[in-house]
Amino acid sequence: MARNSFIFAVSLLLFLNGFTFCLYTKDKFALLAIKTNIIDHSGILSNNWSAISNASICTWIGVSCDLNNQSVTALNLSSMGLAGTVTPAIGNLSSLTLLDISYNNFSGSVPEELSHLHHLQYLHLSNNSFTASQVCGRLRDINGARTIPASLGNITKLEILNLWSNQLTGSVPAAIFNISSLRIIHLSANNLYGSLPVDICSQYVPKLEEILLSWNHFEGKIPPSLFKCKELQKLSLSFNEFSGSIPIEIGNLTMLKNLWLGYSNLEGEIPVEIGSLKLLEILSIQNSSLTGTIPNVIFNISSLKIISLGENKLTGSFPMDIHYNLPVLEELYLYKNQLNGQIPSSLWDCRGLRIISLFENKFIGSIPKQVGNLTLLKELYLGGNNFTASQVCGRLRDINGARTIPASLGNITKLEILNLWSNQLTGSVPAAIFNISSLRIIHLSANNLYGSLPVDICSQYVPKLEEILLSWNHFEGKIPPSLFKCKELQKLSLSFNEFSGSIPIEIGNLTMLKNLWLGYSNLEGEIPVEIGSLKLLEILSIQNSSLTGTIPNVIFNISSLKIISLGENKLTGSFPMDIHYNLPVLEELYLYKNQLNGQIPSSLWDCRGLRIISLFENKFIGSIPKQVGNLTLLKELYLGGNNFTGTSQI
């Protein structure tokens, strides 16, 4: 009896060893077959995965094995700079639980043989170049190839399916959404199209937490059955072509934390059932065609951190007690709607706010000093509304400091963007605003602001200030030289104001400047030669002022210039002769209504990128040469009111 037991044990051991050896050998051959289809420029695998090496495959880079039977259980080749295709041999790694080849450049189709991996739990193919053939200008599947295989629905243990950021096309198989073990489906940033399956989530899917389908071409209505996936925490359908209304069944997703439905063709009202989503942290349905009012219940979801409903057709006003019900709100985007009324003072008590974007609505009233309470605020967009000031003697003015730009904005030391353009704000601009060290953009254009700019503007260290836009106001006095201490400026717009005096020579300090608008003012004197130091300048616009003297030749040496606009001044002198060589990207030239003279240099007609030339009402002489025909991109040519003589060669 003992002898028989011994023989059985030995036989079993030999069988298991043989089975392990066969399994090991099969996996080794599969890995080597996979390697043959991989382009490995860095040699990561070619120097390590070797058929003649005595090293165990379990020591190969990216390979993990079961300690008992030495079968391959995980293959992780992510972020290795690999390319090529995935061979069907991948289906022979029968014990695989994890496959991660993300962040490479694999192409071709997703192999059907993945469905043979019955133990697979985690499939990551994201950030590759899996593609589909192109038919009639749109990526489409051919006979089912190069799309998401329906057979993936047979991987019954699959928990994560991650195919985002490829070029996959076709519709998504309904079977995928009904794998009971699935927790995450991530198919965003592909070329998938068609409607979602009408029976999506119709099976029991108790673990599904994330459905991410954004940045595709899905269309049709959102099926109500989607909201049977009651354990969902993230749902992203944005940047698609969905139409119709948001189903009221969305209220069933009581575990939902993040909801992205924007950038689509959704219409109708926002369902009040969203108020049932008591765990919601992100609500994003911007850039659609939603109408009606914003349900007050949304402002009662205390967990909300981001509300993004911008660029719709929403109407109505804020509830008055917004602060008490949104204690953790960080970002509020309601821009480009038709919202009206006053902004409730309680909004300024939402101390966690970092971004407020309410531009292009119909809000009225004043900006209260309580805005200074938002010490964490980074971006404030209130432009394009109807914030007003009282009228005195035919001009909008502030009364006792009310209804103007509050000086308390200077207390927001983290502020990066201040955008109050196109309102009816009045009064002077507090100097403290220009000295917030974190500021990048100040946009106060198209208001009724007046007075002089602070003499100590930019006197503090403002290392990040890139844009100062103050045009279309009533500012007066001289441009303070301290303004040009903001050495990181890329855009400076002071046009359509009442500035006087000359342009300070300190302007040459702005060596990062790209766009300069100073026109439509009372500026006088000569154009400072220091402008020639602005080697990155693309737009130079100082038209309709009282500038005198010649145009400094150094301006025509700024090779980055695309637009030169110095029309309607009192400038004299002539063109330099070699204008073409130094202005290779010039597109628009406005020198009209000056006292310029001499011949137009022939090199001007070699500026092949010119689209507009406006030189009318000057004292130019000579003929119009045939080389003007070289300007094949030219749309507008104004040469009238000069002294051109002789036979035209056009």
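**Disulfides in a predicted model**

Reader: Which cysteine is joined to Cys58?

Author: Cys65, by a disulfide with S to S 2.2 Å; a disulfide here is a pair of cysteine sulfur atoms within 2.5 Å. This is a predicted model, where local features need pLDDT of at least 70, side-chain atom pairs count only at pLDDT 80 or more, and totals for chains, interfaces and linings use all residues. Residues are numbered from 1 along each chain as its sequence is written, and side-chain values use heavy atoms, with hydrogens and water left out.

Reader: Are Cys58 and Cys65 buried or exposed?

Author: Both are buried (under 20% relative accessible area; exposed is over 50%, partly exposed in between, with a 1.4 Å probe and protein chains only).

Reader: What handedness does the Cys58 and Cys65 disulfide have?

Author: The S-S torsion is about -100°, so the disulfide of Cys58 and Cys65 is left-handed.

Reader: How many disulfides are there?

Author: Three. Counting bonded cysteines along the chain, the pattern is 1-2, 3-4, 5-6.

Reader: Where do Cys458 and Cys486 lie?

Author: They form a disulfide, S to S 1.7 Å. Cys458 is in the loop between β36 (448-451) and β37 (467-469), and Cys486 is in the loop between β38 (474-478) and β39 (491-493), 28 residues apart. Strands are DSSP runs (E, at least two residues), numbered from the N terminus.

Reader: And Cys350, buried or exposed?

Author: Buried, at a relative accessible area of 3%. Cys607 is buried too, at 3%.

Reader: Different topic. What box do the C-alpha atoms fill?

Author: Roughly 120 × 65 × 45 Å, along the principal axes.

Definitions and conventions: Helix = DSSP H or I, 4+ residues; strand = E, 2+ residues; numbered from the N terminus.
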